[in-house]
Amino acid sequence: MSNGDRCRSRPFRLIAFDWDGTAVPDRKAPADDVVPRVETLGARGVVCAVITGTNIGNLEPTFFERLDPRRRYCLLACMNRGSEVFGYDDNGNRLLLYRREATAAENQAMDEIAITLRDELAQQFGLETNIVFDRLNRRKIDLIPVEEWADPPKARIGELLEAVNTRLERCQVEGGIQHIMDRVSEEAARRDLDVRLTTDVKHVELGLTDKSDSVAYLLEHVAARRGIQRSRICFLGDEFGPIAGFRGSDYMMYGVTGAAYYSVGREPNGVPEGVVHLGGGVPRFLEFLDAQIQAWETAGDE
Ligand SMILES: [Mg+2]
């Protein structure tokens, strides 16, 4: 079966997808190819939902504001890694539908954990790190705050991993990135903080939400209210499988029984059971949306 055939599927009523690496090559890239396809699906009554770690300001100029205002109501923007959901009214005006508000104690606990780790790594190992404080409900510990690795593209993840590992080995941080993640977990447990831990290799990130919160919102507030069955929901991403020994960035979308999962990523370490590995990157994602438009035309109005 060719990948083109594998894209052909039942018409889904809720299509949820990752942004970077799935719908666009990177978040600065224009989304001109996605816009007309989402508009067409929206006209059919299909709900399209972006699930991403970034903030709404990064996607509005390239995507949301490019959509016909009369079609924006079909779109949901699940932003900031599970912490916010936006929708649009019939006139195309943005509405905040959900925001996870951190308490002062939670914010303080996240600050304390990040600072504890930074100081500990400096004092115990002589390892210089940097904390990114200004993310909603999240703190990032930058393990390699050097010019060369200021903004590494996904394509260089192999080299990045080597650079970070070398840096940690040089400082004799036994256990490497995993050690730092374990220490964050311990500090969170000490403070009774239910922390969500991730890494993109450059950072260890601790936060209050992750993509599973976006999925939970979609199931509870969209699928349930509109009577959309699980078998009519699909999720697309590019990193369901592990990357560099850690969970891929889309893994937390995985696990909705009955829903369909597709990966357009390279997935060098395979995909979890039940995820269809399409590969092919952004072009394959666009092909998938085209196949959906086709499937809806064949199915007629439901
Ligand atoms: Mg991605």
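Visitor: Is Gly265 buried or exposed, and what makes it so?

Guide: Please note at the outset that this is a predicted model. Gly265 has 28 other C-beta atoms within 10 Å. A residue is buried if 20 or more lie within that distance, and therefore Gly265 is called buried.

Visitor: Where is Gly265, and which residues does Gly265 touch?

Guide: Gly265 is placed in the loop between strand 11 and strand 12. Setting aside residues up to four places away in sequence, Gly265 touches Gly21, Gly237, Asp238 and Glu239. One of these, Asp238, is 27 residues from Gly265 along the chain, and their C-alpha atoms are separated by 3.8 Å.

Visitor: Why does Glu267 count as buried?

Guide: Glu267 has 22 C-beta neighbours inside 10 Å. The cut-off is 20 or more, so Glu267 counts as buried.

Visitor: Which value does phi of Asn80 take, and where is Asn80 placed?

Guide: Phi of Asn80 is near 50°, again a positive value in a residue other than glycine. Asn80 sits in the loop between strand 3 (75-79) and strand 4 (84-88). Asn80 is buried because 23 other C-beta atoms lie within 10 Å, where 20 or more are required.

Visitor: Why is Phe17 called buried?

Guide: Phe17, which lies in strand 1 (residues 14-17), has 25 C-beta neighbours inside 10 Å. With a cut-off of 20 or more, Phe17 therefore counts as buried. Beyond residues up to four places away in sequence, Phe17 touches Thr22, Ala23, Val50, Ile51, Leu236 and Gly237.

Visitor: How far apart are the C-alpha atoms of Phe17 and Met253?

Guide: They are separated by 9.4 Å, while the two residues are 236 residues apart along the chain. Met253 is found in the loop between strand 10 (233-237) and strand 11.

Visitor: How many residues has the largest nonpolar core, and which have the most contacts inside it?

Guide: The largest nonpolar core has 55 residues. Those with the most contacts inside it are Leu14, Ile15, Cys48, Ala49, Leu75, Ala77 and Cys78. A second, separate core of 21 residues includes Val164, Val184, Val195 and Val201.

Visitor: How do you know that Ala49 is buried?

Guide: Ala49 has 22 C-beta neighbours inside 10 Å. As the cut-off is 20 or more, Ala49 counts as buried. Ala49 is placed in strand 2 (residues 47-51). Leaving aside neighbours within four places in sequence, Ala49 is in contact with Leu14, Ala16, Leu76, Cys78 and Leu218.

Visitor: At which angle do the axes of helix 2 and helix 8 cross, and why is helix 2 described as it is relative to helix 8?

Guide: The axes of helix 2 (residues 34-43) and helix 8 (residues 281-299) come within 10 Å and cross at roughly 25°. Angles under 35 degrees count as roughly parallel, and therefore helix 2 is roughly parallel to helix 8. The crossing is left-handed. Arg37, Thr40 and Leu41 in helix 2 meet Leu286, Leu289, Asp290, Gln292 and Ile293 in helix 8. By class, this contact has four nonpolar, two polar and two charged residues.

Visitor: What makes helix 4 oblique to helix 6?

Guide: The axes of helix 4 (residues 104-125) and helix 6 (residues 176-190) come within 10 Å and cross at roughly 135°. Roughly perpendicular covers 65 to 115 degrees and roughly antiparallel begins over 145, so helix 4 is oblique to helix 6. This crossing is right-handed. The contact is made by Ile113, Thr116 and Leu117 of helix 4 and Ile180, Arg183, Val184, Glu187 and Ala188 of helix 6. These residues divide into five nonpolar, one polar and two charged.

Notes. Residues numbered from 1 in each chain as written. Predicted model: local features only at pLDDT ≥ 70, side-chain atom pairs only at ≥ 80, totals over all residues. Axes fitted to C-alpha atoms, helices over the stretch in contact; angles between N-to-C directions. Helix = DSSP H or I, 4+ residues; strand = E, 2+ residues; numbered from the N terminus. Left-handed = near helix turned anticlockwise from the far one by under 90°. Contact = placed C-beta atoms within 7 Å. Nonpolar A, V, L, I, M, F, W, Y, C, P; charged D, E, K, R; others polar. Core = buried A, V, L, I, M, F, W, Y, C linked by C-beta atoms within 7 Å. Buried ≥ 20, exposed ≤ 12 C-beta atoms within 10 Å, placed from the backbone.
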